[in-house]
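Please keep the sequence and the structure at hand while reading.

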Amino acid sequence: GQHIELGISEMNLFMLLGQLGLSHDHHGEYLLPIGTVYDPFVLRGLDALIYGVYNDARFVVAGTPAGVTLAPEGGAHQSTITASVGAELPNLTYHEPAFATEVDWLLCDALRELGESDGTSAYLRLSTRPIDQSPFADAVERYGEDRLRSMVLAGGYRLLDGPDDGRPGVTIVTTGVMAPEALAAAAVLDDEGVASTVVHLTSPDRVYRSWRAGFARSAATASVVRVPSQLHRLVRADERRRPVVSVHDASSHSLAWIGSALGTGQYALGVDRFGESGTIANLHEITGIDTGSIVNASLIAISETTPFTE
């Protein structure tokens with residue numbers, strides 16, 4: 001491979017990736033184009049990005065840093081809706097890993113997909129926030145590397161199994177750099193008498209598509225299609241009546257479909273305001289995605305039988 005570092009605008013970057021990603025049409029061979037962009041500026045090149053994936057160009061783009069976790073660099077340099085854009089664009093698969101090995105596995109899989117006849121381009125929404133890797137090591141020990149890798153590529157896995165001991169329970173769903181806050185909230189909730197399962201989505205896009213595929217076939221054929229989705233594999237049947245609290249360093253809307261998919265109530269935490277400069281901890285608290293906010297939302301959710309009824 002060849003690495004070319006260019007100082008070009010976001011629009012030109014996506015135009016270049018789009019043309020390099022069409023080599024299979026022009027020359028009969030696939031290239032492996034990878035571009036990096038400041039995640040908040042993905043939207044500056046959105047027209048060219050859409051044009052590229054519309055034409056079935058194959059490339060990988062990494063947007064980093066992302067979200068209000070970029071807080072020390074200033075309020076204008078924070079992305080909120082890029083996660084939704086990544087999930088909603090056809091011919092593009094969006095991933096948001098938390099741990100280093102997840103990035104390795106997802107990037108290698110994305111490069112493999114570039115040469116598949118039914119493959120897609122890939123968007124990795126990343127962060128420069130340092131994260132303790134030990135929870136991932138625990139997951140490797142629990143699942144085994146091969147099984148965990150298949151789950152990461154399928155879109156997610158259970159980062160923490162809450163005990164089934166008869167206590168009230170909540171399912172915390174997280175993605176990307178919010179994994180530490182989700183795990184910390186689960187520990188606090190355990191002390192408060194609440195059993196918490198933490199589900200970490202490495203690709204909310206793939207998990208959503210898996211869920212949608214079942215009812216899309218049902219709608220098309222006017223018959224019930226009972227194929228378990230990846231989300232239902234992650235949340236066991238005996239846990240699906242528990243409320244869901246999702247947390248994302250992006251718009252709360254991006255994960256707000258999960259409660260509906262499971263048939264339960266949900267509190268969706270995310271970044272729904274413009275940010276300002278500050279420490280990561282301060283901005284997480286201000287935007288309501290810190291550990292305390294997850295704990296409070298969980299306690300409210302399990303205390304209400306109909307959470308959204310006035």
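## Helix 13 and its cover

The buried residues of helix 13 are covered by elements that include strand 6 (169–174), helix 8 (179–191), strand 8 (244–247) and strand 9 (266–269), where contact means heavy atoms within 4.5 Å. Helices (H or I, at least four residues) and strands (E, at least two) are DSSP runs, numbered from the N terminus.

In helix 13, I294, V295, A297, S298 and A301 are buried, that is, under 20% relative accessible area with a 1.4 Å probe and protein chains only. They cover an arc of only 165° around the axis, so they lie on the same side of helix 13; the arc is that of the directions from the helix axis to the C-beta atoms.

## Basis of the model

This is a predicted model, in which local features need pLDDT of at least 70 and side-chain atom pairs count only at pLDDT 80 or more, while totals for chains, interfaces and linings use all residues. Residues are numbered from 1 along each chain as its sequence is written, and side-chain values use heavy atoms, with hydrogens and water left out.

An open sheet is formed by 4 strands in the order 1-2-4-3, with parallel pairing; two strands pair if DSSP finds at least two bridges between them. Strand 1 (34–37) and strand 3 (92–95) stand at the edges with a single partner strand each, so one side of each has no neighbour in the sheet.

Strand 3 is joined to strand 4 (residues 121–125) by 4 bridges, and Y94 stands opposite Y123 in strand 4.

Methods
Buried < 20%, exposed > 50% of the residue type's maximum accessible area, 1.4 Å probe, protein only.
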